[in-house]
Number of protein chains: 2
Amino acid sequence: MHRGGSLLNPTIAYETWGELSPQRDNAILIFTGLSPSAHAASSAEDPEPGWWEEMVGPGRAIDTRRFFVICVNSLGSCFGSTGAASINPETGQPYQRHFPVLSLEDVSRGGWEVVRHLGIEKLYATVGPSMGGMSALGFEILFPGLSQRLLIISSATHALPFATALRSLQREMIRRDPNWSDGSYSAKNFPTMGMQLARKLGMITYRSADEWEERFGRERNSEDFSVDDPFALTFEIETYLEHHANKFTGQFDPNCYLYLSRASDLFDVADHGSSVEEAIKRIKSPRVMVVGVVSDILYPLHQQSELASLLRSGERDVEFVELPSIQGHDSFLADMDNFCPVVAEFLD
Amino acid sequence: MHRGGSLLNPTIAYETWGELSPQRDNAILIFTGLSPSAHAASSAEDPEPGWWEEMVGPGRAIDTRRFFVICVNSLGSCFGSTGAASINPETGQPYQRHFPVLSLEDVSRGGWEVVRHLGIEKLYATVGPSMGGMSALGFEILFPGLSQRLLIISSATHALPFATALRSLQREMIRRDPNWSDGSYSAKNFPTMGMQLARKLGMITYRSADEWEERFGRERNSEDFSVDDPFALTFEIETYLEHHANKFTGQFDPNCYLYLSRASDLFDVADHGSSVEEAIKRIKSPRVMVVGVVSDILYPLHQQSELASLLRSGERDVEFVELPSIQGHDSFLADMDNFCPVVAEFLD
């Protein structure tokens with residue numbers, strides 16, 4: 001592991017779509033944000049819509065008729081890859097809080113192991129939105145020259161203290177849930193409260209004030225001021241958050257969430273050189289696109305602009321795209337009208 | 001109470017500075033944000049620095065040599081005014097969760113009772129930052145023509161869903177603390193966890209990403225990755241929040257916090273007319289200043305700009321001031337270099 005410790009025989013879960021060309025030169029590797037699985041899009045084997053269904057598929061921006069698309073579930077996650085919820089083969093018990101410190105560099109390495117396992121020596125492109133953008137930067141730094149194109153979406157070289165504050169508080173909400181029990185919760189005594197609070201805060205940071213003003217305004221479900229519950233959730237925005245929190249909880253393992261969240265805060269491109277400028281020089285992809293949106297408060301636009309400027313210092317062809325999406329950090333999942341053409345054009 | 005119910009013999013705590021002129025025409029009334037007491041500034045009776053120490057005092061922007069300054073502790077708060085922590089004289093028990101629904105109109109009314117009690121029929125000015133700005137708007141709507149000047153700082157006609165989402169989540173953190181016990185906690189079984197989490201989220205929303213980038217960057221207290229606590233608070237921003245959360249908890253009553261927070265979400269100037277435009281017409285102050293800062297995410301600048309536009313529809317002299325402060329919503333407490341001259345000029 002990048003910061004010490006090791007895993008015995010770890011698994012990296014991945015899915016692929018399309019066919020690898022005889023020249024093995026049409027593969028695209030996708031790193032995900034913090035919470036998705038490797039199931040980026042539906043397939044014959046799994047017809048459930050994926051987390052990037054409108055982006056990945058036949059005739060889509062990441063066109064599976066043309067490209068061999070690979071999406072990896074991050075090391076440390078809980079959708080098939082080894083993480084804190086997995087059994088430690090050395091003890092026969094789940095790792096839980098005894099999983100080693102997770103770094104996004106370990107996630108990058110997981111992606112590389114999959115690529116190597118598939119016998120691919122050159123990638124057409126590496127793509128990463130959000131935390132996946134950091135994993136993709138780590139991938140390019142650790143394994144330079146593998147990717148001909150690098151697409152970084154709504155990400156940054158490091159987290160700002162504002163983002164760290166929000167994630168640190170999310171982690172604390174989980175850790176303070178009495179059921180968390182220092183990481184040794186069971187399905188019966190599960191830190192549901194902490195996960196729900198953390199997810200609500202997540203949703204607040206993933207979207208934007210303007211979007212919610214448009215969608216919800218001051219709509220209320222009830223004008224009733226019940227003396228039985230003077231603090232009942234009555235505004236539409238409150239029930240919206242409640243709905244999303246309930247959906248998330250139970251899907252994601254709390255310890256895995258803690259490890260991935262912490263890894264996002266620890267990541268810093270600058271750790272890979274005497275300065276961030278020196279570290280960026282290790283990235284060898286000749287073509288790079290950096291995309292950001294104006295309404296992102298987690299990885300604000302100036303971070304993508306700075307990343308693009310840093311990347312421009314070399315021989316690379318660097319494009320910086322600023323999108324007017326109002327859906328905040330999650331725009332790459334929500335505003336496909338703006339995102340799909342930009343991604344399609346870069347890959348063409 | 002504005003939304004039903006009543007209080008028997010409520011108390012409104014207030015402090016005053018300076019001397020009321022023989023013409024009784026030099027009084028300034030200050031409504032506070034959600035958490036402060038009436039102790040806006042130090043005095044001979046209480047030499048402790050107040051929450052607006054640099055703003056209020058002899059020779060300060062709100063000059064106590066010239067003005068008779070009154071600051072009220074909001075009805076529903078816990079610093080002398082009647083609130084959920086007070087004893088209900090009808091039962092001999094604290095109100096706790098059985099306090100009636102609190103509205104900022106009730107806070108406005110509390111201010112009016114103090115002014116009336118002091119024998120003042122005309123105010124030189126009414127001043128309100130943050131939640132206090134809403135209370136001041138409510139005051140002007142309910143008691144029109146009382147104030148010759150109205151100064152609204154970092155406030156709005158209503159909360160946006162983004163602000164409501166954040167406050168709703170803060171309330172949920174407290175209510176979900178097992179020690180909250182449906183509002184009937186004791187000093188021994190106190191919802192410390194919920195209050196600390198809520199205060200941390202409060203701090204995140206009160207300041208700004210740019211300020212923290214400047215102050216903290218990626219500074220860490222420790223480079224150590226202890227296996228004993230892989231999620232320990234190691235970034236400076238994390239220990240800063242911890243420090244502020246510890247300071248707040250124990251000072252503020254959790255139920256009072258819940259009532260005032262909810263009242264901030266419920267307030268809407270538009271409730272006082274067939275439309276917000278009609279409601280605003282009830283405000284009779286001939287001179288108004290609306291101040292906002294660019295870095296405020298809780299009451300963003302466009303809300304102050306909109307409020308100023310609405311106020312301009314009448315015969316009033318309305319000034320809108322946009323400040324470049326980077327300290328976010330709390331700039332009126334932190335960026336005195338920008339705020340003091342603006343307030344002094346308006347009152348002169």
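**Close-up views of a predicted two-chain model**

View 1. Strands β10(B) and β11(B) run parallel and are joined by seven bridges. Within this pairing, B:Gly292 has B:Glu322 of β11(B) standing opposite. On the β9(B) side, β10(B) pairs with β9(B), again in the parallel sense, over five bridges, and B:Leu150 has B:Val288 of β10(B) as its bridge partner. Six of the seven residues of β10(B) are buried, and the strand is therefore largely enclosed by the rest of the structure.

**View 2. The open sheet of chain B and the helices packed on it.** The sheet consists of seven strands in the order β1-β5-β2-β8-β9-β10-β11, with mixed pairing. Its edges are formed by β1 (14–17) and β11 (317–323) of chain B, each of which has a single partner strand, so that one side of each is left without a neighbour in the sheet. From one strand to the next, the twist averages 15 degrees. Helix α2 of chain B, residues 131–142, packs on this sheet and touches β8 (123–129) and β9 (147–153), its direction making about 140 degrees with that of β8(B). Helix α11 of chain B, residues 336–347, also packs on the sheet, where it touches β8, β9, β10 (287–293) and β11, and its direction makes about 165 degrees with that of β9(B).

**View 3. The open sheet of chain A, with helices α1 and α2.** In chain A, seven strands form an open sheet in the order β1-β5-β2-β8-β9-β10-β11, and the pairing is mixed. The edge strands of this sheet are β1 (14–17) and β11 (317–323) of chain A, each pairing on one side only. On average, and with direction ignored, neighbouring strands are turned by 15 degrees against each other. Strand β2 (residues 27–30) pairs with strand β8 (residues 123–129) of chain A in the parallel sense over three bridges, and A:Ile28 has A:Ala125 of β8(A) as its bridge partner. Helix α1 of chain A, residues 104–117, lies across β1, β2, β5 (68–72) and β8, running at about 140 degrees to β5(A). Helix α2 of chain A, residues 131–142, packs on the sheet and touches β2, β8 and β9 (147–153), with its direction making about 140 degrees with that of β8(A).

**View 4. Strand β9 of chain A and its pairing with β8.** Strand β9(A) is mostly covered, since five of its seven residues are buried. Strands β8(A) and β9(A) pair in the parallel sense over six bridges, and the bridge partner of A:Thr126 in β9(A) is A:Leu150.

**View 5. The loop between β2 and β3 of chain A, at A:Pro49.** A:Pro49 is placed in the loop between β2 and β3 (56–57) of chain A. This proline, A:Pro49, is exposed, because 12 other C-beta atoms lie within 10 Å, and a residue counts as exposed at 12 or fewer. The C-alpha atom of A:Pro49 is separated by 29 Å from that of A:Lys122, a residue 73 places away along the chain.

**View 6. The contact between chains A and B.** Chain A contributes 43 residues that are in contact with 43 residues of chain B. On the side of chain A that touches chain B, at least two residues are supplied by each of the helices α3 (161–176), α4 (192–206), α5 (209–215), α6 (236–248) and α7 (254–266) of chain A. Helix α3(A) gives the most to this side, with twelve residues. By residue type, the side of chain A that touches chain B divides into 25 nonpolar, five polar and 13 charged residues. Of the interface residues of chain A, 100% are also interface residues in chain B, so the copies meet through the same surface.

**View 7. The relation between the two copies.**

Methods: Residues are numbered from 1 along each chain as its sequence is written. Chains are lettered from A and ligands numbered from 1 in the order in which they are written. This is a predicted model: local features need pLDDT of at least 70, side-chain atom pairs count only at pLDDT 80 or more; totals for chains, interfaces and linings use all residues. Two strands pair if DSSP finds at least two bridges between them. Helices (H or I, at least four residues) and strands (E, at least two) are DSSP runs, numbered from the N terminus. Axes are lines fitted to C-alpha atoms, for helices over the stretch in contact, and angles run from 0 to 180 degrees between N-to-C directions. Two residues are in contact if their C-beta atoms, placed from the backbone, lie within 7 Å. Copies are superposed by least squares on the C-alpha atoms of residues with pLDDT of at least 70 in both. Ala, Val, Leu, Ile, Met, Phe, Trp, Tyr, Cys and Pro count as nonpolar, Asp, Glu, Lys and Arg as charged, and the others, Gly among them, as polar. A residue is buried if 20 or more other C-beta atoms lie within 10 Å of its own, exposed if 12 or fewer, and partly exposed in between; C-beta atoms are placed from the backbone.
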